[in-house]
Amino acid sequence: MENKTVITDTSCFILLEKINALHILHQLFATVYTTPEIAKEYGKPSPNWIIIQAANQILQEKFYHDVDLGEASAIALASEISCDYIILDDLAARKLAKKLGLTIMGTVGVLLSAKQKGIVPLFRPYLDLIQQTNFRLSQQLAEEFIRAAGE
């Protein structure tokens, strides 16, 4: 496990749960934060290793003009507390976070990192499972991830 802190959006929780890989977040990162808004969007009980912390409401409302409520809360929280990555998959949210100087990782990047750190032996089976969900990932990007994984 890396001694890293991440803040994650709903899409990461949902996608990792769909492919039975939510535990990888806990294995990969020392501290995983999310917000009450995201926990509500996720709609299932959060594992006890996830820290739920409210974000600054003023910041959150400011970001809510550009992205959905969960993403706005995650970006607001990442703007307030020190984190190594904010895990976002939505393009508009990623653009906003990047503009604010936050370091972004996507859910597929989480799985790639887990492969690179030896937490999972292979990346491609997870990618195959992701491609069976409604998660959108271009073939070109999928191939780039496969190359990065060395598979």
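Helices (H or I, at least four residues) and strands (E, at least two) are DSSP runs, numbered from the N terminus. The model is predicted, so that local features need pLDDT of at least 70 and side-chain atom pairs count only at pLDDT 80 or more, while totals for chains, interfaces and linings use all residues. Residues are numbered from 1 along each chain as its sequence is written, and side-chain values use heavy atoms, with hydrogens and water left out.

**Confidence**

- The chain averages a pLDDT of 95, and 99% of the residues score at least 70, where pLDDT is the predictor's confidence in each residue, from 0 to 100.

**Helix H7 and Leu111**

- The buried residues of H7 are Thr107, Val108, Gly109, Val110, Leu111, Leu112, Ser113, Ala114 and Lys115, and after the helix comes Gly118, whose phi is positive, near 80°.
- Leu111, which lies in H7, counts as buried at 1% relative accessibility.
- Leaving aside residues up to four places away in sequence, Leu111 touches Leu16, Ile19, Ala21, Ile24, Val120, Phe123, Tyr126 and Ile130, contact meaning heavy atoms within 4.5 Å.

**Packing of H7 and H9**

- The axes of H7 and helix H9 (residues 139-149) come within 10 Å and cross at roughly 15°; axes are lines fitted to C-alpha atoms, for helices over the stretch in contact, and angles run from 0 to 180 degrees between N-to-C directions.
- H7 and H9 are therefore roughly parallel to each other, a term for angles under 35 degrees, with over 145 counting as roughly antiparallel, 65 to 115 as roughly perpendicular and the rest as oblique.
- On the H7 side the contact is made by Val108, Gly109, Leu112, Lys115 and Gln116, and on the H9 side by Phe145, Ala148 and Ala149.

**Helix H1 and Asp68**

- In helix H1 (residues 10-18), the buried residues are Thr10, Cys12, Phe13, Leu15 and Leu16, and H1 is followed by Asn20, whose phi is positive, near 60°.
- Asp68 sits in the loop between helix H4 (57-63) and helix H5 (69-80) and, at 35% relative accessibility, counts as partly exposed.

How values were computed
Buried means under 20% relative accessible area, exposed over 50%, partly exposed in between (1.4 Å probe, protein chains only).
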